[in-house]
Each structure stands twice: as C-alpha cells, then as structure tokens.
Amino acid sequence: MQTVPLKLVTIIAEAFLEEKLVREVKKLGASGYTLSPARGEGSRGVRASEWEGGNVRLEVVASPQVAERILERLAEVYFPSYAVIAFTQTVEVVRGEKYA
Amino acid sequence: MQTVPLKLVTIIAEAFLEEKLVREVKKLGASGYTLSPARGEGSRGVRASEWEGGNVRLEVVASPQVAERILERLAEVYFPSYAVIAFTQTVEVVRGEKYA
Amino acid sequence: MQTVPLKLVTIIAEAFLEEKLVREVKKLGASGYTLSPARGEGSRGVRASEWEGGNVRLEVVASPQVAERILERLAEVYFPSYAVIAFTQTVEVVRGEKYA
C-alpha cells in the first residue's frame, strides 16, 4: 500500500477558540480538519470544567510547510494568551497526495 | 519498561460506516479497536454537520501485516466512494504481544 | 518553529478508572493531561457497551522519564486487573520546555 509521509498537527485548546482556530488552519493551507471533544488540565492548573464548554481537539493532516505555518501562527497569536497545547507527528497517509 | 513497536491505524469516516468498518477490521485480523466521536471538513468540502451523525474515529493497534491489510481494503472499497481519511504511525505498546 | 521531542502517552481504559488514573499520572510527574470519550472492544472480547460509562482516553505529554514511570505503574497495578491499552509515541511539541 503506497502512503505519503505527512504531518499530523494536534491542537488542544479551550472550546470557545474552535471557530477561530478552524479559520486559521484553513487560511494557512489546511485542506481539511477533524474536531473532537476533550477536557483536561494543563500546566496552568486550569481545569476544563471551569471553562465554558471544555476543550476541543483540532487535528490537521498537512504538508510539513503548512504544519510549520500553523505552529508559527499558534506561537505568535495563541500561546501568549491561551492554554493551548500543540504538537506534530509524522504519519503515513493513504491517498496523501490529496493533502500536500 | 518493555514495549513492542506496532502500528496504530487511524480511520476517520462518516459515522454511518462505523459498523461496517468495525466488521472489516476484525475480519482482517484486528484483536480490538477504539471508537471516538469526531466531526470536521475534508478536501471534498463536505462539512460533518451535513452528514447524519457526524464522523467517527476508528483506531486499531495491530501488527504491520494487519495494518497493511486494513489500508488495502480501505483503498479498494471505501476511498472510491466515501470521504475517508486513513493514516498509520508506529507506536510503542505495553503488552504489545497481545496485538501481534 | 522550535519544538521539543517529548513522549505522548495514550491510555485507553474503562471510564470508571478515570479519576484514579488522573491521580496516578499527576503523582508520577505529569504537568497536564487530556481526557476524551471512547468506546470499543479489546482482545478480552469485552464490549464497551457492557461497561458502565464506556471507555476514556487519557493522554499525557511528558518527558521520557515521566512516560516510563507511567507505563511501569500501569504494568504493575492496572494491566493485571483491567482491560487497559497503553502506548507511547514521540511528538514534537511547541513550548515543550513546559512539560519536561
């Protein structure tokens, strides 16, 4: 099975940021995204239950270039103000040419 | 801690495919699976909210051989007709011998 | 974008273990965690629907040392008695120094 190595970008953020983050990743070149519910506690000691609506997990499969742009934008705009976690991994994607 | 390198196969698909996909991965040799809710938008521009019941994330920890069979089956039967994302990663699994 | 390679520990367990597992990972040095809903079937053939409340996915981004301690504790206390899956991956984390 032929696969393409791409980046999976995972962002965990307060749920009220969902729309804003989706707009950002699309503007930065993501061809799609996946959202799923989450809750938790971060190094700031803020529990999800104290936030309106908990957390959201936003995942994007993208080229290394688009992944890089997303991380840069997060670091510039979101990390200074919000409890956001972001990390990337290399994944082997079926029909990966659709995301590049 | 001894771990075994195995494949984590992640499939994100329209929720109505859940039962069908679970049957497939079990038939292809998966000893277990995890389902979680998801929603999103893909490169076909179809929003989850327009689908009945959103998306489902199906994850399987399996040997490279079983993972390969799952991807092949997806490519053959599901990718031509459905908005499916599938990717694999190597993960280090505790008690991994149970999955091989 | 500078990132730090860290371990993502993923634990999928019966939902009633949630509080206990969260206490464990915090005691073992995790600075945060993410919880999300899940359900599924494992190699013991127990379906989530037969369990009270399904499954929970607990994720921790941590140093290799903390990740190792978590896996050891799971192997010692949880694996003998519960249907638990646990695996680790290396992820590239933005502001990773907060987790080390």
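Predicted model: local features only at pLDDT ≥ 70, side-chain atom pairs only at ≥ 80, totals over all residues.
**Chain A and its contact with chain B**

A salt bridge links the side chains of A:Glu18 and B:Arg39, with an N to O distance of 2.8 Å. Across the interface of chain B and chain A, three salt bridges are found by the rule. The count of residue pairs in polar contact between chain B and chain A is nine, with both residues at pLDDT 80 or more. On the side of chain B that touches chain A, at least two residues each come from β2 (33-41), α2 (64-78) and β4 (85-94) of chain B. Sorted by class, this side of chain B holds 11 nonpolar, five polar and seven charged residues.

The extent of the contact was also computed. Chain B contributes 23 residues to the contact and chain A contributes 25 residues. The size of an interface is often expressed as the accessible area that is lost when the parts come together. Between them, chain B and chain A bury about 2,000 Å², and 48% of this lies on carbon and sulfur atoms.

Strand pairing also connects the two chains. Strand β2 (residues 33-41) of chain A runs antiparallel to β2(B), and three bridges join the two strands. Within this pairing, A:Tyr33 has B:Glu41 in β2(B) as its bridge partner.

Chain A itself contains two helices and four strands. Along the sequence, these elements of chain A follow the pattern β-α-β-β-α-β. Chain A has 100 residues, of which 54% count as buried. Among contacts in chain A between residues at least 6 apart in sequence, 78% join residues that are at least 24 apart.

Within chain A, strand β1 (residues 3-14) pairs with β4(A) in the antiparallel sense over 10 bridges.

Methods. Residues numbered from 1 in each chain as written. Chains lettered and ligands numbered in written order. Heavy atoms only, no water. Contact = heavy atoms within 4.5 Å. Buried area = accessible area lost by both parts, 1.4 Å probe. Salt bridge = Lys/Arg side-chain N within 4 Å of Asp/Glu carboxyl O. Polar contact = N/O pair within 3.5 Å; in protein donor to acceptor, adjacent residues only side chain to side chain. Nonpolar A, V, L, I, M, F, W, Y, C, P; charged D, E, K, R; others polar. Pairing = 2+ DSSP bridges. Buried < 20%, exposed > 50% of the residue type's maximum accessible area, 1.4 Å probe, protein only.
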